[in-house]
Amino acid sequence: MNYTELSEQELIRRQALEEIRKMGIDPYPAALFEVNTSIEEIRKNFSPERNNFQEVRLAGRIMSRRIMGSASFSEIQDATGRIQLYIRREDICPPDNTALYDTLFKKLLDIGDIIGISGFAFITKTGELSIHVKELKLLAKSLRPLPIVKEKDGKVFDAFTDPEQRYRQRYVDLIVNPHVRDVFVRRTRLINSMREFLNRRGYLEVETPILQPLYGGAAARPFKTYHNTLEQTLYLRIANELYLKRLIVGGFDGVYEFSKDFRNEGMDRFHNPEFTQIELYVAYKDYLWMMDLVEEMIEKVAIDLHGTTQVQVGEHLIDFKRPWKRITMYEAIKEKTGIDIGEMDENQLREVTRKLNIETDETMGKGKLIDAIFGELIEPYLIQPTFIMDYPIEMSPLAKKHRSKPGLVERFEAICNGKELCNAFSELNDPIDQRARFEDQLQLGKRGDQEAMVLDEDFLRALEYGMPPTAGLGIGIDRLTMIMTNQPSIQDVLFFPQMRPEKKAVADPVEKYTEAGIPEAWVPVLQKMGFVQVSMLKNLNPNKLHQDLCGYNKKNKLSLPNPKPEEVKEWIGKIK
RNA sequence: CGGUCCGUAGCUCAGCUGGUAGAGCACGUGACUCUUAAUCAUGGGGUCCAGGGUUCGAAUCCCUGCGGACCGACCA
């Protein structure tokens with residue numbers, strides 16, 4: 001670590017660290033500090049009448065300090081909340097040595113440090129629940145200043161809101177923005193709620209490969225990787241559908257998996273390259289049955305998270321109470337546009353998209369054209385949860401043909417807040433038909449559709465052994481979380497959303513500078529000026545650099561002997 | 001991939017039509033035994049994202065790049 005890169009405040013904290021060590025205090029002690037309650041417990045259950053919580057032990061991070069001579073108030077934050085501490089010199093120090101208060105607490109501790117305390121709960125004159133501290137122990141020194149967020153009467157001052165910093169340094173975001181923590185806690189409760197629902201029905205949670213020799217089960221471009229020993233290209237899964245169906249063939253009645261899937265496509269507030277889906281397959285069921293399950297499960301999730309079926313999402317109040325509206329895709333399009341596309345061929349559909357001003361291209365087949373109409377005119381306007389049923393066969397190569405409507409498949413999506421919430425169908429279990437559908441996809445691929453599915457021979461072999469009639473379901477967990485926690489962006493429901501890498505040059509060691517003849521004394525100056533690598537000096541104008549160095553020397557009163565212009569020129573000349 | 005906007009102290013942000021870089025919080029020093037955006041006094045802190053150009057002079061104007069946000073395109 002090069003000290004010239006540190007800010008003034010970071011240097012002060014490092015000096016404090018040394019002072020603490022000199023006092024004989026370990027700033028990162030190994031011994032366990034025993035805690036016997038949490039801030040939330042105290043907040044919930046303290047009552048002055050019962051005089052409880054009189055011997056509490058807490059640990060947490062210092063979030064504010066108000067020092068008034070020999071007494072101070074401070075706030076600490078643990079995983080459950082924040083509470084005020086009341087610290088007096090005479091309480092934590094022996095009479096003959098006040099160093100613990102006057103030096104350690106007042107001078108050497110900072111906002112961000114992690115401490116353990118023991119003491120008793122009480123209410124201050126101004127009515128604030130606090131802990132009167134009897135004992136204080138440093139558990140970990142913090143070397144970087146935190147963003148300071150203050151709050152009064154619910155108004156937040158100097159909020160830490162820069163999205164880039166929040167996402168890149170999520171740990172800081174979580175420390176200073178308590179509502180962020182809450183979103184992620186609810187995300188986990190959402191997953192637990194679904195898991196509980198499915199387990200209660202006796203379905204088996206399973207794990208299937210993430211590295212797949214063929215990617216299948218969805219329409220998307222994959223990430224590609226390579227296994228050295230096998231000398232084989234592998235893909236990160238875009239879905240796990242085909243593996244879960246193999247398990248249904250194998251005789252499981254109901255299997256599900258919360259799976260991280262990977263799609264090598266654009267990023268925006270609804271798409272992250274890696275995301276989470278749950279997929280569920282249940283034997284001897286159909287898509288109508290699955291609709292009932294979806295309603296019941298999502299309604300339960302809403303109640304588990306909010307205590308009600310109604311959830312505020314942006315400006316909309318969304319009600320997940322059963323039953324949801326059910327309408328076929330063609331009916332929905334007809335309802336909106338007055339056009340019945342039921343009997344149309346590809347050319348007629350192309351004509352309709354032209355009339356409706358919907359952009360298309362030549363690679364789009366019948367299925368994609370219908371999807372374009374739906375996606376443009378219907379989906380964004382469906383706010384309350386709605387089932388859209390019976391999709392064209394061309395866009396659903398893994399779904400079973402409709403029992404009575406030719407050209408359609410038994411598939412539904414639930415749309416909510418203008419976006420797809422889930423996708424489900426009666427699974428295609430006719431191996432001959434499945435092979436034909438894959439071959440149609442190959443044709444689309446040849447036309448230039450980069451997302452067309454590839455043919456999976458092993459999956460077809462499994463189907464040929466016989467798969468029971470099966471209902472399948474996929475739900476995007478990130479998007480469901482966005483709705484259930486009222487977050488506008490997928491980045492707000494992922495701890496570590498994908499970002500471009502931070503670019504920061506690693507500083508060269510001093511020797512690399514001295515090799516070029518640069519005196520050691522000037523190295524920190526050059527680094528402070530931004531030339532953290534010797535190679536950065538390469539094509540510089542020597543006269544300008546000379547001027548800058550002398551100027552820096554003077555301005556900062558370093559009183560270093562100024563180099564001669566020729567010397568500077570020589571340094572630069574030596575750099576390869 | 002296209003359009004719009006943004007990048008100044010640890011944090012939040014000012015900085016006009018170019019002329020010596022500002023505030024609040026945070027930090028240092030001092031005062032203060034019930035404060036709470038604590039208060040009072042005082043002090044320090046900046047490659048103004050990077051590189052180039054225009055200019056006597058650039059945080060400011062122009063170009064390029066990097067990073068980010070939003071909207072669209074693509075995409076479940």
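Predicted model: local features only at pLDDT ≥ 70, side-chain atom pairs only at ≥ 80, totals over all residues.
**Ground rules.** Local features need pLDDT of at least 70 and side-chain atom pairs 80 or more, while totals for chains, interfaces and linings use all residues; side-chain values use heavy atoms, with hydrogens and water left out. Residues are numbered from 1 along each chain as its sequence is written, and chains are lettered from A and ligands numbered from 1 in the order written.

**Aromatic pairs.** I searched the whole structure and got 13 aromatic pairs. For Phe, Tyr and Trp (its six-membered ring), a pair means centres within 6.5 Å, with planes under 30 degrees apart called stacked, over 60 edge-to-face and the rest tilted. I picked Trp 324 with Phe 387, which is stacked at 5.1 Å centre to centre and 25° between the planes. These two sit 63 residues apart, Trp 324 in the loop between β15 (316-319) and β16 (325-328), Phe 387 in strand β17 (residues 386-392). Strands here are DSSP runs (E, at least two residues) and helices are too (H or I, at least four), numbered from the N terminus.

Next I checked burial, where buried is under 20% relative accessible area, exposed over 50% and partly exposed in between (1.4 Å probe, protein chains only). Trp 324 counts as buried because its relative accessibility is 4%, and Phe 387 does at 0%.

Phe 387 also pairs with Phe 412: the planes are at 90° and the centres 5.2 Å apart, so I logged it as edge-to-face. Phe 412 is in strand β18 (residues 408-416), 25 residues from Phe 387, and is buried at 0%. Ring pairs join Tyr 287, Phe 320, Trp 324, Phe 387 and Phe 412 into a cluster.

**Charges over rings.** The cut-off is NZ of Lys or CZ of Arg within 6 Å of the ring centre and within 35 degrees of the ring normal. Arg 246 has its charged end over Tyr 243, 4.5 Å from the ring centre. Lys 336 lies over the face of Tyr 381 at 4.1 Å.

**RNA strand B.** I took near as a heavy atom of the residue within 4 Å of the strand. That gives 52 residues around RNA strand B, with Thr 126, Lys 150, Ala 219, His 271 and Glu 413 the closest. Which helix supplies the largest share of the surface near RNA strand B? It is α5, with four residues.
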